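Trainee: I'd like to learn how to read a helical model. Could you walk me through it?

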Amino acid sequence: MTDPYENLANAIVLQAVKDYRDALKRLKKKPGNQAAMSDAMECERFFRSGWYKTLTSVDGEYLIQKLREEAKPL
């Protein structure tokens with residue numbers, strides 16, 4: 001059984017990933033979207049933060065890179 005705090009930490013990180021994916025999709029459709037750019041930058045700041053490092057052992061820079069690759073057109 002997992003610890004409730006671990007579940008909360010995972011939920012926070014997963015929500016940030018979802019928000020980042022959404023922002024990247026919006027930027028892909030409309031590169032000049034300032035709100036989407038702001039959301040993406042905010043997520044990146046979170047992935048590079050000490051709080052993120054407290055929540056998970058997944059490298060934030062690696063995660064950003066993989067999510068950007070995922071959002072690239074084929």
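This is a predicted model: local features need pLDDT of at least 70, side-chain atom pairs count only at pLDDT 80 or more; totals for chains, interfaces and linings use all residues.

Trainee: Fine. How far does α1 span, end to end?

Mentor: Helices here are DSSP runs (H or I, at least four residues), numbered from the N terminus. The expected span is 1.5 Å times one less than the number of residues. For the 26 residues of α1 that gives 38 Å, and its end C-alpha atoms are 38 Å apart, which agrees. Helix α4, residues 60-71, has 12 residues and reaches 17 Å, close to the 16 Å expected.

Trainee: Which residues of α4 are buried?

Mentor: In α4 the buried ones are Gly60, Leu63, Ile64 and Leu67. They cover an arc of only 100° around the axis, which puts them on the same side of α4. That arc is taken from the directions from the helix axis to the C-beta atoms. The general idea behind it is that an α-helix has 3.6 residues a turn, so residues three or four places apart point the same way.

Trainee: And what do the buried residues of α4 pack against?

Mentor: Contact means heavy atoms within 4.5 Å. By that rule, the buried residues of α4 pack against α1 (4-29), α2 (34-47) and α3 (50-55). Now look from α1: its buried residues are Ala9, Val13, Ala16, Val17, Tyr20, Ala23, Leu24 and Leu27, and they pack against α2, α3 and α4.

Trainee: How many residues does the largest nonpolar core have?

Mentor: In soluble globular proteins, nonpolar side chains tend to be buried together. A nonpolar core is a set of buried Ala, Val, Leu, Ile, Met, Phe, Trp, Tyr and Cys residues joined through side-chain atoms within 4.5 Å. The largest one here has 16 residues, and those with the most contacts inside it are Tyr20, Phe47, Tyr52, Leu63 and Leu67. Helices α1, α2 and α4 each supply at least two residues of this core, with the largest share, seven residues, coming from α1.

Trainee: Tyr20 keeps turning up. What does tyrosine 20 touch?

Mentor: Leaving out residues up to four places away in sequence, Tyr20 touches Ala40, Cys43, Glu44, Phe47, Ile64, Leu67 and Arg68.

Trainee: On to charges. How many salt bridges are there?

Mentor: A salt bridge is a side-chain nitrogen of Lys or Arg within 4 Å of a carboxyl oxygen of Asp or Glu. The count comes to seven. Take Arg26, which is partly exposed at 26% relative accessible area. It bridges to Asp22, with the closest N and O atoms 3.3 Å apart.

Trainee: What about glutamate 44: is it buried or exposed?

Mentor: Glu44 is buried, with a relative accessible area of 5%. Its salt-bridge partner Arg68, with the closest N and O atoms 2.7 Å away, is partly exposed at 40%. Salt bridges that share partners join Glu44, Arg48, Glu61 and Arg68 into one network.

Trainee: Last topic: how many aromatic pairs does the structure hold?

Mentor: Rings of Phe, Tyr and Trp (its six-membered ring) pair if their centres lie within 6.5 Å; planes under 30 degrees apart are stacked, over 60 edge-to-face, and the rest tilted. The structure holds five such pairs. Tyr20 and Phe47 are edge-to-face, 5.7 Å centre to centre with 85° between the planes. Tyr20 lies in α1 and Phe47 in α2, so the pair ties together parts 27 residues apart in sequence. Both Tyr20 and Phe47 are buried. Phe46 and Tyr52 are also edge-to-face, at 5.5 Å and 80°. Finally, Tyr20, Phe46, Phe47, Trp51 and Tyr52 form one aromatic cluster.

How values were computed: Residues are numbered from 1 along each chain as its sequence is written. Side-chain values use heavy atoms; hydrogens and water are left out. Buried means under 20% relative accessible area, exposed over 50%, partly exposed in between (1.4 Å probe, protein chains only).
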